[in-house]
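Here is a short briefing on the structure below. Read it with the sequence and the 3D view side by side.

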Amino acid sequence: MSEKLQKVIVNCETGVTEYIDLTDEEIAEVRAREAQSEIEMQAKEAELAAKAAAKASAEAKLAALGLTPEEIAALR
């Protein structure tokens, strides 16, 4: 089932609310923005995962040098 996307227009003076179907061009723009948002979200998640991995690696290296967990925590 294909649901038609709509935009809502509210006239604040009269209180009248209109629901207007989006054109094919507007739908394409919405889909493009959704795709871009997904790409940006995945990039942010990858960045956070890389930072977490770097932090874990650094903590492991400090532990290998003989630092205690308390000493490592004190460096944060």
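Val-10 stands opposite Thr-17 in E2. Val-10 itself is found in strand E1. The model is predicted. Its protein chain averages a pLDDT of 94, and 97% of the residues score at least 70.

**Strands and hairpin**

- E1 covers residues 6-10.
- Strand E2, residues 17-21, pairs with E1 in the antiparallel sense over five bridges.
- The two strands, E1 and E2, form a hairpin, and six residues lie between them.
- Gly-15 sits in the turn and has a positive phi of about 80°.
- In a regular strand, side chains alternate between the two faces of the sheet.

**Nonpolar surface patch**

- Which residues form a nonpolar patch on the surface? Val-8, Val-10 and Tyr-19 do, with about 310 Å² of accessible area together.
- Val-10 has 47% relative accessibility, so it counts as partly exposed.

**Helix H1**

- H1 runs over residues 24-64, which makes 41 residues.
- At 1.5 Å a residue, H1 should span 60 Å.
- Gly-66 follows H1 and has a positive phi, near 105°.
- Within the protein chain, confidence is highest in H1, at 97, and lowest in H2, at a mean of 94.

**Salt bridges**

- How many salt bridges are there? The count comes to four, taking a side-chain nitrogen of Lys or Arg within 4 Å of a carboxyl oxygen of Asp or Glu. Three of these pairs, listed by their residues, are described here: Glu-26 with Lys-7, Glu-34 with Arg-31, and Arg-76 with Glu-59.
- Side chains of opposite charge can pair when their charged atoms come close.
- In the Glu-26 and Lys-7 pair, the closest N and O atoms are 3.0 Å apart. This pair links distant parts of the chain, with Glu-26 in helix H1 and Lys-7 in strand E1, 19 residues apart.
- In the Glu-34 and Arg-31 pair, the closest N and O atoms are 3.3 Å apart. Both residues lie in helix H1, three residues apart, about one turn of the helix.
- Glu-34 counts as partly exposed at 44% relative accessibility. Arg-31 is partly exposed too, with a relative accessible area of 42%.
- In the Arg-76 and Glu-59 pair, the closest N and O atoms are 2.8 Å apart. Arg-76 lies in the segment after helix H2 (69-74) and Glu-59 lies in helix H1, so the pair ties together parts that are 17 residues apart in sequence.
- Arg-76 is exposed, with a relative accessible area of 63%. Glu-59 counts as partly exposed, at 23% relative accessibility.

**Segment after H2**

- Where is Leu-75 placed? Leu-75 is in the segment after H2.
- Leu-75 has a relative accessible area of 58%; exposed means over 50%, so Leu-75 is exposed.
- The C-alpha atoms of Leu-75 and Asn-11 are separated by 57 Å. Leu-75 and Asn-11 are 64 residues apart along the chain.

Key. Residues are numbered from 1 along each chain as its sequence is written. Side-chain values use heavy atoms; hydrogens and water are left out. Helices (H or I, at least four residues) and strands (E, at least two) are DSSP runs, numbered from the N terminus. The expected span of a helix is 1.5 Å times one less than its number of residues. Buried means under 20% relative accessible area, exposed over 50%, partly exposed in between (1.4 Å probe, protein chains only). pLDDT is the predictor's confidence in each residue, from 0 to 100. Two strands pair if DSSP finds at least two bridges between them. Patches are made of residues with over 30% relative accessible area and no salt bridge: like charges are joined within 9 Å, nonpolar side chains (Val, Leu, Ile, Met, Phe, Trp, Tyr) within 5 Å. Accessible areas come from the Shrake-Rupley method with a 1.4 Å probe; for residues, only the protein chains shown count as cover.
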